[in-house]
Amino acid sequence: SPWEPVLLLLSPPAFSTTCARCAKDRRLRRKRAISERQLTRYFVDQRKVRVVGGQGGDGGHSFHSEPRKVFGGPDGGNGGDGGHVIFKADQQMKSLSSVFHFYQGFHGERGGSKNCYGANGAHMYVKVPVGTLVKEDGEVVADLTQHGEEYIAAYGGAGGKGNRFFLSNENRAPKLFTPGEPGQERVLHLELKTTAHAGLVGFPNAGKSSLLRAISRAKPAVAAYPFTTLNPHVGIVHYQDYEQVAVADIPGLIKGAHQNRGLGMAFLKHIERCHFLLYVVDLSVPQPWVQLQDLKYELEAYKKGLSERPCVVIGNKVDLAQSRINLPLLREQVAERVIALSALTGDNLEELLLHLRELYDTYVKTEQTQGQSPVKW
């Protein structure tokens, strides 16, 4: 029929190329990519890492052979050396959360014929934050304090010798070759000297996580039960002159924390690395100044002089009626400056941000006066 070609052109295709539903069905199903926030959900300041250097390549075993040269002799080349595992300080890294528990260097290649040496294994570089301490058996073996500073954590094994290496006047046709040596194996502990500029210190349910959510973009869990926060969270407070102050939400302490009650030692270690402290007390409880006394006692019992660091007392939950009654009593009992605010409603957060900047500027001047470089985020 003369209309048959026209009908073929006008007939719809077997499947639609423009329908969103059809296009979605044809798309290969794959796992949803994990966001960067989920990957670095918690701030990790210590990590146990097992490192193994790459194994050296085996030596080559061959004899030269070509026309009119029957006895060409041995021509097996040496194997390549294994790659090292190297820790490299990077100022873009702020946490050890991206550091895995195991690293191994690349292996060297086997030696080839015609006296060809095997290629060396590539080095494995592991980026760590500036200020990372590398410990082995409790002793500090490296202190990475500068950007770009490197430390060889595990050496790669040496490559084996080919049979060409064993050629001598006594042995004109050696068949001996040696295998590559295994790489060095170590178990190291990585630890950050500095967690953040400021640390939020308080008992469970004092409102530390809510306060961190109010002054930064960090999203720690908030709930009406104690020990909601089980891992440190770090939030960055941005100022108009592009200065950034890091504030750490330390998991809540309990009485007897210096005796390692409630994982107290791990929590107190986080506080030890902060340069100034923000004591968060719940104004709605009876005698809130007792909380401050107990917190200072735990810090001082853990490390002498820790409670004497620059600090400010934050009276949280001022939006409650009982808190307004306890606020003047708290100011009479403590000698430090008291900032009353509400992390829930956002009342008086400006005073805290201004005083936080004052503490940061004082810290920077003190470090510069002592000839040290302050930690920048």
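**Basis.** I worked from a predicted model, in which local features need pLDDT of at least 70, side-chain atom pairs count only at pLDDT 80 or more, and totals for chains, interfaces and linings use all residues. Residues are numbered from 1 along each chain as its sequence is written, and side-chain values use heavy atoms, without hydrogens and water.

**His 355.** I located His 355 in helix α8, residues 349-369; helices are DSSP runs of H or I with at least four residues, numbered from the N terminus. I noted His 355 as buried because its relative accessibility is 11%, where buried means under 20% relative accessible area with a 1.4 Å probe, protein chains only. I then looked up its contacts (heavy atoms within 4.5 Å). Leaving aside neighbours within four places in sequence, His 355 touches Cys 311, Val 312, Arg 337 and Ile 339.

**Helix α8.** I checked the length of α8: its 21 residues should span 30 Å at 1.5 Å a residue, and its end C-alpha atoms are 30 Å apart, which agrees. The expected span is 1.5 Å times one less than the number of residues. I listed its buried residues, among them Leu 352, His 355, Leu 356 and Leu 359.

**Packing with α4.** I found that α4 (residues 208-215) packs against α8 at an angle of about 80°, with the axes 11 Å apart. The two helices are therefore roughly perpendicular, a term for angles of 65 to 115 degrees. Leu 211, Ala 214 and Ile 215 of α4 meet Leu 349, Leu 352 and Leu 353 of α8.

How values were computed: Buried < 20%, exposed > 50% of the residue type's maximum accessible area, 1.4 Å probe, protein only. Axes fitted to C-alpha atoms, helices over the stretch in contact; angles between N-to-C directions. Parallel < 35°, antiparallel > 145°, perpendicular 65-115°, else oblique.
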